[in-house]
Amino acid sequence: MESTRNPRFGRLIPAMVTPFDENLELDLDRAQELACRLVDGGVDAIIVNGTTGESPTVFYPQKLELFRAVVSAVAGRVPVIANVGDNCTADTVSFAQDAGQLGVDGFMCVVPYYNKPPQEGLYRHFKTIADSTDMPIILYNIPGRCSINMEAETTLRLARDCDNIVAIKEASGNLDQVRAIIDGAPADFDVYSGDDSATLDIMRLGGAGVISTIGNVAPACMKEIVEAAAAGDWEAAAAANEALLPLMTGLFATANPILVKEALKLIGFPVGGVRLPLVDATPEQSATLAAIMSEVGVLA
C-alpha cells in the first residue's frame, strides 16, 4: 500500500469529544460547534462517539442524537463516521441499522471487549456486522482497552472477505503487526494509527494517517505531519512530529479523554466535564498540561 494513494476517509480523522453541559447532559449545540470547528481546522473526516467521545457512558438513544446533530452541522463537508461497535454482535447489528438511517458516511466497530472471544469469534463478529450493512466499516483494534488483540491474520481475512470493511484503526502498539496488515491487505484497504505518537512510524510503513485525539485541540498541527508524510517529505514530517510530541504524550497522562477536554477548556473552547467513572482533571494536571501546551505553541 502506498501513502500517495488518497485514502477514502482522508488522513486526519479526529475522534471527536462529546460535549456535555453543567449537568453532564448532552450539549448538542456545542457538539455542532465543535464539529464545525474541526472542519474549519482542516480535518478530513470526523468519528463521533468513539472512546474519546466517551462511548461507554453515552447510551444508544443519546448516540443517535449526537450522530444526527453532527451530520446536520457538517452538512456533507467531510464524512461523518459513527462509532457503533459493541461487545454484543446482535446489538451492534441492530444499532448500526438505526445509525445508518441518519446520514452518516461510515461506521467504526471496536474489537469486542470483556468477552475475550477467540480470533474466529472476532472474524465472525465483524463479518456478521459487515454482511448486515452496505456502509463502509473501519475496524478498531485496541488491546489495552479490550484485553485481547486482533491478530494481523484475522484483520486480513476480513479485509479480503468483506468489501465494505475498508480500514482499521490500529492501536496495538505492535509495528510488526501493523506492517503485516499493510503489506498483506488489498490495495484499497487503509491502516490508520490509533495513537497520535505512532502516526509517523505507521505512515513510514505505508499507513494512511491517524484517527486522532490531539486533532480535537490542534488539528492544523497534526494535519501538517500527515500531509508532509504523505508527500514523502519525511524531514518536515519528523520536525513537525517532534515539535508536537510532548502534547501527544501529555494528553495521555491520565485516562483519555480527561485531558483533551481540559485542553479544549484551556484554549477557550470548553466542552464540559467527563461522566463518571471518569473524573475531571485535577488542578495539578491542568497546570502541567497548560505548560506543555505553551511549550508546543498551542496555548499563547
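Two residues are in contact when heavy atoms of theirs lie within 4.5 Å. Keep that in mind as we walk through this structure, which is a predicted model.

**One buried threonine**

Let's start with Thr-155, which you'll find in helix 6, residues 152-161. Is Thr-155 buried or exposed? Its relative accessibility is 0%, so Thr-155 counts as buried; the cut-off for that label is under 20%. Who does Thr-155 touch? Setting aside neighbours within four places in sequence, Thr-155 is in contact with Leu-139, Met-150, Ile-168, Ile-181 and Phe-189. And here's a pair to look up in the 3D view: Thr-155 and Pro-118 sit 37 residues apart in sequence, with their C-alpha atoms 13 Å apart in space.

Eight of them close into a barrel, in the order 1-2-3-4-5-6-7-8, and the pairing is parallel. On average, neighbouring strands of this sheet are turned by 25 degrees against each other, if you ignore direction. For one example of the pairing, look at strand 7 (residues 190-193) and strand 8 (residues 209-212), which are joined in the parallel sense over two bridges. There, Tyr-192 stands opposite Gly-209 in strand 8.

| Helix | Residues | Strands touched | Angle between directions |
|---|---|---|---|
| Helix 4 | 119-131 | strand 4, strand 5, strand 6 | about 165 degrees with strand 4 |
| Helix 7 | 175-184 | strand 5, strand 6, strand 7 | about 165 degrees with strand 6 |

**Two helices side by side**

Finally, have a look at how helices meet. In general, you describe two packed helices by the angle between their axes and the distance between the axes. Here, helix 1 (residues 28-40) and helix 2 (residues 60-74) pack at about 45 degrees, and their axes are 9 Å apart. Helix 1 and helix 2 are therefore oblique to each other. The crossing of helix 1 past helix 2 is right-handed.

Which residues make this meeting? From helix 1 come Leu-28, Ala-31, Gln-32, Ala-35, Cys-36 and Val-39. On the helix 2 side they meet Glu-65, Leu-66, Ala-69, Val-70, Ser-72, Ala-73 and Val-74.

Technical notes. Residues numbered from 1 in each chain as written. Predicted model: local features only at pLDDT ≥ 70, side-chain atom pairs only at ≥ 80, totals over all residues. Heavy atoms only, no water. Axes fitted to C-alpha atoms, helices over the stretch in contact; angles between N-to-C directions. Helix = DSSP H or I, 4+ residues; strand = E, 2+ residues; numbered from the N terminus. Parallel < 35°, antiparallel > 145°, perpendicular 65-115°, else oblique. Left-handed = near helix turned anticlockwise from the far one by under 90°. Pairing = 2+ DSSP bridges. Buried < 20%, exposed > 50% of the residue type's maximum accessible area, 1.4 Å probe, protein only.
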